[in-house]
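Morning, everyone. Let me put the sequence and the structure up on the screen, and then we'll walk through them together.

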Amino acid sequence: MLDTLRKLTLLESPSLEKPLLDRCCDFLADLWLGRGSLVHVLKQSVRGNHLRAVWPSSPSRRRGQLLILGHYDTVYPAGTLQHMPFRRAGPKVFGPGTFDMKAGIVQALFALEALQQLRIPARKNLVFLWTSDEETGSAASRRLIETEARQSDAVLVLEPALGPQGLLKTSRKGVGEVHLIVRGHASHAGLAPERGVNAIHELARQIARIEGWNDHRRGVSVHANLIQGGTRTNVTADYAEARVDLRAWKQADMRSLERRMHALKPIHKGARLELRGGFNRPPLERRHSSALFACAQRIAKQLGFRLGEAAAGGGSDGNFTAALGIPTLDGLGAVGDGAHSPDEYVLVQAMPQRAALLAALLATC
Ligand SMILES: [Zn+2]
């Protein structure tokens with residue numbers, strides 16, 4: 001498993017570098033071809049290609065499909081390996097994208113291999129989908145993921161588990177981003193300030209208003225994390241813009257936040273507001289993961305370990321599939337920590353354990 005993970009990590013795959021992504025995708029295609037799967041490289045014109053690989057269930061089995069979902073792109077630019085090499089130190093392996101989420105892909109490969117070697121037929125068709133743009137919001141894979149999910153009875157997401165205890169992610173916040181744009185009117189700050197409409201003052205009032213919508217107990221967060229505007233200190237600002245991060249645990253809260261955002265009205269006379277964007281990923285609510293999690297916990301007990309669960313404030317492609325009402329269990333990938341950081345690592349001894357957990361889920365759920 002480590003040898004495969006090393007090869008996969010050495011094929012750097014930053015989300016925006018198509019030639020590198022395609023090379024990594026071809027490597028994955030070869031791995032699944034080598035395990036006798038039907039492999040389709042789904043060509044993309046701008047983003048990296050996606051990989052769809054199918055291991056069919058035996059004809060006597062019940063029909064249906066399980067989707068095993070993940071991404072092979074990483075947040076690290078090309079050349080990161082030079083100062084962040086793939087290396088093992090005691091119980092951990094380090095390297096860009098190992099934890100998020102190349103080790104998860106390797107575990108899925110070995111779960112499939114385990115079923116094949118033990119001659120355990122899959123209960124349903126197994127569709128593995130490895131996409132190239134999750135770290136940038138999945139614009140080029142979302143429709144594909146949703147189409148595949150609609151044909152599936154369940155979705156198992158190989159994103160990393162939470163923390164070194166390896167908690168599965170049974171709920172995730174919905175995540176959105178809106179651009180709040182204010183247009184005012186420029187005027188000489190000394191000669192005719194009364195003729196100006198200050199877009200920055202208007203934006204400041206709007207930000208104070210939306211700040212009041214934060215509700216930490218409900219997990220609703222609204223944060224203006226980026227602002228810009230104005231031209232010079234002696235000119236009334238005619239333009240200002242904020243980029244606002246929105247998060248919520250519940251679909252109902254997500255919808256109400258969006259409604260309130262769109263209902264914002266200008267406070268200063270003459271100011272105009274414009275709103276772009278909204279929620280990109282709807283929440284993954286626990287009701288869509290609870291049955292699968294109970295199944296995974298039973299299997300873990302048989303395998304001799306305790307499996308816990310956690311709620312994650314960040315989104316993944318599992319948010320899309322759960323929002324369609326398809327049972328979705330996330331965090332089935334690597335155990336480790338430090339995603340998107342120079343200290344990203346995977347706990348080596350958990351790799352076969354989690355591969356076994358996945359194999360058993362594929363054979364029984
Ligand atoms: Zn990820």
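Here's a question to start: over how many bridges do strand β9 and β12 pair, and in which sense? Keep in mind that this is a predicted model. Strand β9 covers residues 174–183.

Now the whole sheet. It is open and has four strands, in the order β10-β11-β9-β12. The pairing is antiparallel. At the edges stand β10, residues 221–229, and β12, residues 272–281. Each has a single partner strand, so one side of each lacks a neighbour in the sheet. On average, neighbouring strands here are turned by 15° against each other, direction ignored.

Next, a helix. Helix α5, residues 199–211, lies across β9, β10, β11 and β12. The helix runs at about 15° to β11.

On to the metal. Which residues coordinate the zinc ion? His71 does, through NE2, along with Asp100 through OD, and Glu159 gives two OE entries. The distances are 2.0 to 2.7 Å. In sequence, the spacing of these donor residues is H-x28-D-x58-E. Look at His71 and Asp100: they link distant parts of the chain, 29 residues apart. His71 sits in strand β3, residues 65–71, and Asp100 in helix α3, residues 98–117.

Are these two buried or exposed? His71 is buried, because its relative accessibility is 1%. Asp100 is buried too, at 7%.

Last, the geometry. Why is the arrangement irregular? Because the four donor atoms subtend angles of 51 to 142° around the zinc ion.

Methods:
Residues are numbered from 1 along each chain as its sequence is written. This is a predicted model: local features need pLDDT of at least 70, side-chain atom pairs count only at pLDDT 80 or more; totals for chains, interfaces and linings use all residues. Side-chain values use heavy atoms; hydrogens and water are left out. Donors are N, O and S atoms within 2.8 Å of the metal (3.2 Å for Na, K and Ca); water is not among the atoms, so sites may look incomplete. Four donors count as tetrahedral if all angles lie between 85 and 135 degrees; four count as square planar and six as octahedral if opposite donors are over 155 degrees apart and all others between 65 and 115; anything else is irregular. Helices (H or I, at least four residues) and strands (E, at least two) are DSSP runs, numbered from the N terminus. Buried means under 20% relative accessible area, exposed over 50%, partly exposed in between (1.4 Å probe, protein chains only). Two strands pair if DSSP finds at least two bridges between them. Axes are lines fitted to C-alpha atoms, for helices over the stretch in contact, and angles run from 0 to 180 degrees between N-to-C directions. Contact means heavy atoms within 4.5 Å.
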